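Q: Hi, I'm new to this one and would like a walk through it. Could you take a look with me?

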Amino acid sequence: MHASATAKSPPRIVLSGQALQKSFGGVRAVSGMSLTLREGSITGLIGPNGAGKSTLFHLLSGVIRPDSGRVELFGDNITALPTHERAQRGMVRSFQLAREFGPLTVLENLLLAPQNQCGERLLPLFFGPAKVRAEQEGLYRRAVEVLALSRLTALRNEYAANLSGGQKKLLELGRALMTDCPVILLDEPGAGVNPALMGLLTEMIRRLNAEYGKTFLIIEHDMDFIARLCDPVIVMTEGRHLMEASFDEIRRDPAVIEAYLGRAAAHV
Amino acid sequence: MLAYFVAMATYAGFFMILAQGLNLQWGMTGMVNFGVAGFYALGAYSGAILSTRIGIAPELAIALAGVAAGVAGLVVSLLTMRLREDYFAIVTLGFGEIVRLFALNEDWLTEGPRGLRIPARPFDFGLSNAVYSLVYLGVVALVVLVIYAICERIRSGPYGRTLRAIREDDVVAGVLGKNVLRFRVQAFVLGSVFMGVAGALFAHYIQNISPDTFMPMIAIFIWMSVIVGGYGNNKGLLLGAGIVIFILEGSRFLGDFTSIVTSQQLSSIRIILIGIILMAVLRFRPRGLIPEPKFMSEFEKTS
C-alpha cells in the first residue's frame, strides 16, 4: 500500500456507541444515540443541559447499562461488561464532579491506578515481597513523572481531599494516565477550574494526546476550551446525535444554534 | 488477683482478633458487618463440635473453625455483595441471629440453651490450671500477633490501598479497573476466618458455651473497639479492644470501693460508660484515638 493511501485513510475507530437508548422512569435520557471515536483524536461532546451527555458517558463506561444499543471498544462488543473489565481493555473515565479518593494522599491516588498490580493479589503480597517491592518502585517512578506533568509534585503527600477543585481535576487526569488506558473519557474537566489551572489542564490534555497517543472524548461547556482543543466536535441534543463537524462549522450551523438557544434565535 | 488479670488479658485477646477481622471488613473496605457475633458463634460451635463430638485434636479444630467461618463469610458475601450498604448490614445482622437461634434450637448438635461442654484442652501438656491459663494467654497473644502481622502487610501494601479506595468510592475504583467484587469478597472472607478462630479459641478457653454468650451485643463491643481505637489502624484496634475489655471487666471492681450503687446498677453503668466514651471519641476524635496513618512512600528518601 502506498504511503499516500494510508495517510488518507482515517484512523481506526477505537470506541463506538450504536443506537444507545436509556430511560429513567418515563424520561428518555438517551434515545438512539450513536457516535464513533477515532484513534488519536480529541473529540468534543457538547449539547445543552439535559441533552444526555453524562448519561451517555455512563453507558459507554458501564456505570449504567443501556436499555438497548451496543458499545464497542477496539471492535469488541463490551455492552455487557462490568466497568473494571472495560478499564482493563483500555478505557477509563472521569466524572463531572471530581471524585478523588479523599483520605488517600495524592501519590496514593496515582499509585493505585495502574491495573493488575501483583501487590493487589494476596499470594504475591505475602510470598513475593521482592517482586511487589520492585513493581511498586517502578510505579513510583512513573508517578513522579505524572506528578511533574500535572504540577502536583509539592502536594504529593497531601490528602487528595485538601486539593483545590482544579488540582483535583489534574489529579484525575494523572490517575487516568497512570492506568495506561489509551482511551480517556473526561466529563467536564474544566468545571470549577480557575483560569490559570485551565491553561495547564488544556496543555496537559494536548500533551497526553500528542506525546502519549491518548484518544480523548470530552464533555465540556466552555466553548473556548472546545475550540482550542477538540476536533471533531459532536453535538448532542434531546438524547440524540445532532451533528459532527469541526468547531467552526458547528458554531455557524443553524440547527446547533437552535438546539442551544431555541428556534427564535436561529432566525435572527 | 493475678488469675483475674490473666483472664482479662485473654478476653482482650479474643476481642482484638475480632476487631482486626471487623477492621478488615469495615475499617479498610467499608462493608458494614453487624453479624460479628454470628461468625464468632459459628467459630465457637464448629470448633467445639469438631473437638468434642468428632474427636479431632482441639488445635486442628480451632483452625478448621476458621475455615468454617470463612466458608460462611464466602456464602454471605456472595449472596449479598450487590446489596446497598445498609441492606448488607441488615443481612449480616440477620445472619448473626440465624446462627444463634440455630444453636439454641438444634439440641442434638449444640445442647441448646443447656450449653455445650468442651472438655478437650488444646496446648495442654499436663499443666496445673494456673500455668495452663498463662500458656493459653500466650497462645492467644501469638494468634493476635500473627493476625496483626497479616493485617499490617495488607494495610501497608498495594492490596490495602485498593481496599481503601473501594471503601471511599467503589464506582471510581471499578472505573479504574479494580474488580471490586473480588476485593470485597476476599476481605470479607478473611475477616470471617479471623472471627471464627477467635470463637474457637474462646470456646476452648471457657469450656462451656451457650447461645446467650453470642448476643448481638458482642458485635456492638467490637464495633466500639474499632471506632474508639481508630478504623484502618491496626495498632488503634488493639488499644480499642483493650479499652473496651477494661471498661467491661475492670469496672466490676468499682463495687469494691463504693457502696452507693448495687452490683446490678453497676452492670448498667458499665454499658452507659461505654456509650459515653463512644460519643466522646466520635465528638473529639472522629477518626479514633489512633487514626489511619498517612501513607509515605518507602522510595521517597532513596530518590
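**Getting to know the interface**

A: Happy to! Let's begin with B:Glu300, which sits in the segment after α13 (263-284) of chain B. Keep in mind that this is a predicted model.

Q: OK, is B:Glu300 buried or exposed?
A: B:Glu300 counts as buried, because its relative accessibility is 16% and the cut-off for buried is under 20%.

Q: And what does B:Glu300 touch, leaving out residues up to four places away in sequence?
A: B:Glu300 touches A:Leu107, A:Tyr140, A:Arg156 and A:Asn157.

Q: What kind of link do the side chains of B:Glu300 and A:Arg156 make?
A: They meet in a salt bridge, with N to O at 2.9 Å. The side chain of B:Glu300 also has a polar contact of 2.9 Å with the side chain of A:Asn157.

Q: How many salt bridges are there between chain B and chain A?
A: The count is 5 salt bridges. For polar contacts, the rule finds 19 residue pairs across the interface, both residues being at pLDDT 80 or more.

Q: Which helices of chain B supply at least two residues each to the side that touches chain A?
A: Those are α6 (129-156), α7 (158-168), α8 (170-175) and α9 (180-206) of chain B. The one that gives the most is α7(B), with 8 residues.

Q: How many residues are in contact, counting both chains?
A: 34 residues of chain B are in contact with 41 residues of chain A. Between them the two chains bury about 3,500 Å², and 62% of that is on carbon and sulfur atoms.

Q: Switching to helices: what does α6(B) pack against?
A: The buried residues of α6(B) pack against α5 (122-127) of chain A, and also against α1 (2-28), α3 (58-80), α7, α9 and α11 (234-250) of chain B. Among those buried residues are B:Tyr132, B:Tyr136, B:Val139 and B:Cys151.

Q: How far apart are the end C-alpha atoms of α6(B)?
A: They are 40 Å apart, which agrees with the 40 Å that 28 residues should span at 1.5 Å a residue.

Q: What about helix α7 of chain A, how many of its residues are buried?
A: 12 of the 14 residues of α7(A) are buried, so this helix is largely enclosed by the rest of the structure. The buried ones include A:Lys168, A:Lys169, A:Glu172 and A:Arg175.

Q: What follows α7(A)?
A: A:Asp180 follows, and its phi is positive, near 70°.

Q: Which backbone atoms does its side chain reach?
A: The side chain of B:Asn233 reaches the backbone nitrogen of B:Lys235 at 2.9 Å and the backbone oxygen of B:Pro291 at 2.8 Å. Leaving aside neighbours within four places in sequence, B:Asn233 is in contact with B:Asn23, B:Ile290, B:Pro291, B:Glu292 and B:Pro293.

How values were computed. Residues are numbered from 1 along each chain as its sequence is written. Chains are lettered from A and ligands numbered from 1 in the order in which they are written. Side-chain values use heavy atoms; hydrogens and water are left out. Contact means heavy atoms within 4.5 Å. Buried area is the accessible area (1.4 Å probe) that two parts lose on being put together, summed over both. A salt bridge is a side-chain nitrogen of Lys or Arg within 4 Å of a carboxyl oxygen of Asp or Glu. A polar contact is a pair of N or O atoms within 3.5 Å; within protein, one must be able to donate a hydrogen and the other to accept it, and residues adjacent in sequence count only if both atoms are side-chain atoms. Helices (H or I, at least four residues) and strands (E, at least two) are DSSP runs, numbered from the N terminus. Buried means under 20% relative accessible area, exposed over 50%, partly exposed in between (1.4 Å probe, protein chains only). The expected span of a helix is 1.5 Å times one less than its number of residues.
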